[in-house]
Amino acid sequence: MIAYNKTWLTNLLLQDEVKKDAAQGYITPVELKTIEDKYPVGFYTPNLFVRIGLFILTCVIVSFAQGLLSLMAASGDLIESFGWFIFLGATAYIALELMVNGKFHYRSGVDDALLVIAGSQIAGGMAMVFYKSSQSGVDFFLVFSAIVLVLGVFLTLRFTDMLMSAFSCVAFLGLVFLLWLKVIPAGLATAPFAMMVLAAGTYWLAFTNHQKKRYVHYQNCLVVVQIISLLVLYAAGNYFVIQTLSTEMAGKTGPVPFGLVFWVWTVLLPFVYIYVGIYKKNTILLRTGLLLIAGAAITVRNYMHLMPIDRMLTLVGVVILVIVYGISKYLKTPQHGYTLAEPDEANLMDHLKVESLIAAGTFSHAPAAPAPESGTKFGGGSFGGGGSSGDF
Amino acid sequence: MTDKLYETLHAEGLIGDESLAKIRLKQQQTPLFSLHWEVRTLLYIGVLLLTTGLGILIYENIDTIGHQFVLAFIALICGGSFFYCFKHKMPFSVGKVKAPNSFFDYILLLACISMLIFVGYLQYEYKVFGTNYGLATLIPMLVLFYVAYQFDHLGILSMAIANLAVWMGVSVTPKQLLLNSDFDSTTIIYTYLILGIVLLVAALITQRYVFKPHFKFSYQHYGLHVTYIALLAAYFHFYESGLALVAMAALAGLSYWMYTDSFKHKSFYFLLLVVLYSYIALSSLVIRVLVSKINEAGFELAALYFIGSGVGFIMLLINLNKKLKTA
């Protein structure tokens, strides 16, 4: 199913893993070299700057090639029809397949650009078909999210792309939400609970599977699904979201029924995320929780004016700084497996990378921890030391 | 979890006994869970909220507090921060100097920002420098450059470069440069050009005399963008006159210089910039020819040009990348 050479993908993951250990000095450079020779990767994957350049240039080429085609077709009234967009998308998709299969491009900027162009053009063309025939806005979005879902899942499976998996996940949750509203009589009142269950289920599925060897090439995609389902899980019970939606879709104003439940959800869930994230050493939960505190704060502020904004900001700022000071002081030397030292790699989500590959190992559900410190760095990192100065 | 991986690699004879033992030892340790970035982000947000809150608080109550008090308060923050920095500073060196602790950089930044606010406030409220704006921007600039070199702070170097641009009568941040600038004025184009060349020369000197060589990137980054944009602007401004040709020739020369330089120092970033800016310049020349000579089939030819040249530049970029890696 995957368009890229699977052996190379596996070797790439293996090389990444070994390179991390080599960088920390567990493996000698000579050994690294022999491993790289034994498990070669034939992809064309340039560095970030070249990737950006190739992305821009590919977009230029595709837009002018398609513009030229459209200009030629304009005389025959072809471009008026939805089929034209699908046709253009199809040409981009064919180009993508050729680049991936023939030239072995992998995350090179060329395949990224072609994937985005092909996906959006095909989805846009198909949406045009239904836009004319659908009765209402809800119907249209129902069909549209179904289109995006099918297309997104296909492109995710074929190209293991994180952006496409994000689109698919959002489309899936949106589709179920709209269907629920349409099919269930008291849809809007029960939708929050349905969405909570659905988002939690999606998260659980993604979480339990993202460490499995079977889905090892989709690990990054499953991480994206986890983040999105956690965000939707929060939004499903957020007071502001529910009230806005019920006003928009049913014209209901005034307080939401079961308001207390949703208030508790709005305020407490981010802290639950953070607590579980720290307790289970799960970076995704922890960071999502930290992000959602802002959401909770804005929601509360929207309904209750406790004090003027300036005093609020000052107070919160002081509280955060006190907390940071406390943490830095407490973790000056690592405690209970927590540290303030810089992780050895500046990865987006620290430990998204694979742990084990060529050997069928038993996988525990506990997420892997980021790369541990080498012995010399143990006594508190550069950051922890700062806590003692107490000057801030 | 990785033990099986390494055992297989060991069995295949790819890693030695010693490395396997090291890996085994590592796996027995409980890995530490790093909260580094979370706590750093919190610190940043906390500082941001606190300063915003205090700022609004002062702004709302300016009538009761009075300007002198506010000025004194800012001066206190500024002085205190600088005092801390001078007390804890590392000895000066022409190479890289590591900050004594990770709060140091933030405090230095606070000191510089409050210094700028202080000067700005003085000028706005009391017109200390009168209409002598050159002096009002020159002093903070000199201080910033001094601080950047003394404490080895790249962020403050960027602030100093921006201040240099302000002093020369323009603003150098790329967004404002593209949005607000009136490119039709000749003086502005010349000012940009001089600024860009000064920065590029600064990069060259930094490199040649090995004086804070890691500052070279900042100088070259700003210098390159400013010079390229100024040359392109000059080209379009003097479109009809012979100066346009001069601007294009200068651009070609700059591209060649930066091209060799990026190869010398293996910089993918500057290589990408050279390729993209040269592509824009070349395209504007080609379009000019196409528009002037052929009227009917102009668009088709232009589209064909972009398709062909796009493919060509992709090949070029890929090849240059390969060359740079092996160079």
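Student: How many aromatic pairs are found over all chains?

Tutor: Before we count, note that this is a predicted model, where local features need pLDDT of at least 70, side-chain atom pairs count only at pLDDT 80 or more, and totals for chains, interfaces and linings use all residues. Residues are numbered from 1 along each chain as its sequence is written, chains are lettered from A and ligands numbered from 1 in the order written, and side-chain values use heavy atoms, without hydrogens and water. Rings of Phe, Tyr and Trp (its six-membered ring) pair if their centres lie within 6.5 Å; planes under 30 degrees apart count as stacked, over 60 as edge-to-face and the rest as tilted. Searching the whole structure this way gives, over all chains, 37 aromatic pairs.

Student: Which kind of pair do Tyr149(B) and Phe215(B) form?

Tutor: Their centres are 5.0 Å apart, with 65 degrees between the planes. With that angle, the pair is edge-to-face.

Student: How many residues apart in sequence are the parts that this pair ties together?

Tutor: Helices here are DSSP runs (H or I, at least four residues; strands are E, at least two), numbered from the N terminus. Tyr149(B) lies in helix 7 (residues 133-151) of chain B, while Phe215(B) lies in the loop between helix 10 (186-208) and helix 11 (216-237) of chain B, so the parts tied together are apart in sequence by 66 residues.

Student: Is Phe215(B) buried or exposed?

Tutor: Buried means under 20% relative accessible area, exposed over 50%, and partly exposed in between (1.4 Å probe, protein chains only). Phe215(B) has a relative accessibility of 0%, so Phe215(B) is buried.

Student: And which kind of pair do Phe217(B) and Tyr269(B) form?

Tutor: The two centres lie 5.6 Å apart. The planes make an angle of 40 degrees, and the pair is tilted.

Student: Which residue lies over the face of Tyr239(B)?

Tutor: A charge sits over a ring if NZ of Lys or CZ of Arg is within 6 Å of the ring centre and within 35 degrees of the ring normal. Here the distance from the ring centre is 3.9 Å, and the residue is Arg288(B).
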